[in-house]
Amino acid sequence: GVWLSSQGKITIGTVMAFYALVGQLQEPVRVIADSISNKKTAMKLSNRLQIILDDNLNEENQIMISNFEKLNINIESFAYDDKEILKDITLLIKPQDILVIKGESGSGKSTLANLIMGVLTLGDGKIEINDEEMQNLNKKSWWKHALMQGQEQLILEGTLYENLCLGDEYTEDEINEVISVAGLNEFLEENGLYVKIDESGRSEE
């Protein structure tokens, strides 16, 4: 625009108007991009919630997990949108076993965890709990024995107690157990159960 103006083909006013209009276009483009990203996130959450809803509807036909004896993992292949994420994974995990899975971002660690939790459905291969295939299990009964800690945490603005209970009623022993598992004992001793925290997890004075 500046070069065209120097050549006398357009005026400085036209150049300024052009840049002003381009600036106004940036915000709608950004909003559209954010909307697409939010839609994809919402679809993933919807699919995970549907698993829980389906679990409730089909409970009488499902196998309950009363105790954990072993976890068999045999993944031949798993892909997202035709992109293979996991391949040829075989594991046997028993109570008290400690297993560390390391890998670069995007290598499939979270995907493997989601398959183990039953959040994702495995096509090629099988995952078994106590020799029962995942698709035949009641997921809620399995989740009583398995805990998945995500990388991004959802923290609501409010008290620590409100974030732990999310509107439900729990006994003092249950709350103390969650605090211990989450490693919040020291924070609790310093700030108390009813300390207000913001969405970043910082306590408010």
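**Labels and the values behind them**

Author: Start with tryptophan 142. The model is a predicted one. In it, tryptophan 142 is buried, with a relative accessible area of 3%.

Reader: Why is tryptophan 142 called buried?

Author: Buried means under 20% relative accessible area. Tryptophan 142 has 3%, so the label is buried.

Reader: What makes phenylalanine 68 partly exposed?

Author: Its relative accessible area is 22%. Partly exposed lies between the buried limit of 20% and the exposed limit of 50%. So phenylalanine 68 counts as partly exposed.

Reader: How many aromatic pairs does the structure hold?

Author: There are 2 aromatic pairs. In one, the rings of phenylalanine 68 and tryptophan 142 have centres 5.7 Å apart and planes at 50°.

Reader: Why is the pair of phenylalanine 68 and tryptophan 142 called tilted?

Author: Centres must lie within 6.5 Å for a pair. At 5.7 Å, phenylalanine 68 and tryptophan 142 qualify. Planes under 30 degrees apart would be stacked, and over 60 edge-to-face. The angle here is 50°, so the pair is tilted.

Reader: Which parts of the chain does this pair tie together?

Author: Phenylalanine 68 sits in the loop between α2 and β1, and tryptophan 142 in helix α4, so the pair ties together parts 74 residues apart in sequence.

Reader: What makes the pair of tyrosine 161 and tyrosine 194 tilted?

Author: Their ring centres are 5.3 Å apart and their planes stand at 35°. Stacked needs under 30 degrees, and edge-to-face over 60. Tyrosine 161 is in helix α5, and tyrosine 194 is in the loop between α7 and β6. They are 33 residues apart.

Reader: Is tyrosine 194 buried or exposed?

Author: Exposed means over 50%. Tyrosine 194 has 56%, so it is exposed.

**The sheet and the core**

Reader: Which strands form the open sheet, and in what order?

Author: The order is β2-β1-β3-β4, with antiparallel pairing.

Reader: What makes β2 and β4 edge strands?

Author: Each has a single partner strand, so one side of each is left without a neighbour in the sheet.

Reader: How do you know that β1 and β3 pair?

Author: Pairing needs at least two bridges. β1 and β3 have 6, in the antiparallel sense, so they pair. Leucine 71 stands opposite isoleucine 129 in β3. Helix α3 packs on the sheet, touching β1, β2 and β3.

Reader: Which residues touch the most other members of the largest nonpolar core?

Author: Ile73, Ile75, Leu86 and Leu115 do, in a core of 22 residues. β1, β2, α3 and β3 each supply at least two residues of this core. In soluble globular proteins, nonpolar side chains tend to be buried together.

Reader: Why is threonine 111 called buried?

Author: Its relative accessible area is 9%. The limit is under 20%, so threonine 111 is buried. Threonine 111 lies in helix α3. Among its contacts beyond four places in sequence are Phe78, Tyr80 and Leu120.

**Charged residues**

Reader: How do you know that aspartate 131 and lysine 70 form a salt bridge?

Author: Their closest N and O atoms are 3.3 Å apart. The rule asks for a distance within 4 Å, so the pair qualifies. Aspartate 131 is in the loop between β3 and β4, and lysine 70 is in the loop between α2 and β1. The two are 61 residues apart.

Reader: What makes lysine 126 and glutamate 128 a salt bridge?

Author: The N to O distance is 3.5 Å. That is within 4 Å, so the pair counts. The count comes to 2 salt bridges.

Reader: Is glutamate 128 buried or exposed?

Author: Buried, at 13%, because the limit is under 20%. Lysine 126 is at 35%, so it counts as partly exposed.

Reader: Why is aspartate 88 called exposed?

Author: Exposed is over 50%, and aspartate 88 has 59%, so the label is exposed. Aspartate 88 is in strand β2. Its phi is positive, about 50°, although it is not a glycine. Leaving aside neighbours within four places in sequence, aspartate 88 is in contact with Ile75 and Glu76.

Conventions
Residues are numbered from 1 along each chain as its sequence is written. This is a predicted model: local features need pLDDT of at least 70, side-chain atom pairs count only at pLDDT 80 or more; totals for chains, interfaces and linings use all residues. Side-chain values use heavy atoms; hydrogens and water are left out. A nonpolar core is a set of buried Ala, Val, Leu, Ile, Met, Phe, Trp, Tyr and Cys residues joined through side-chain atoms within 4.5 Å. Buried means under 20% relative accessible area, exposed over 50%, partly exposed in between (1.4 Å probe, protein chains only). Helices (H or I, at least four residues) and strands (E, at least two) are DSSP runs, numbered from the N terminus. Contact means heavy atoms within 4.5 Å. Rings of Phe, Tyr and Trp (its six-membered ring) pair if their centres lie within 6.5 Å; planes under 30 degrees apart count as stacked, over 60 as edge-to-face and the rest as tilted. Axes are lines fitted to C-alpha atoms, for helices over the stretch in contact, and angles run from 0 to 180 degrees between N-to-C directions. A salt bridge is a side-chain nitrogen of Lys or Arg within 4 Å of a carboxyl oxygen of Asp or Glu.
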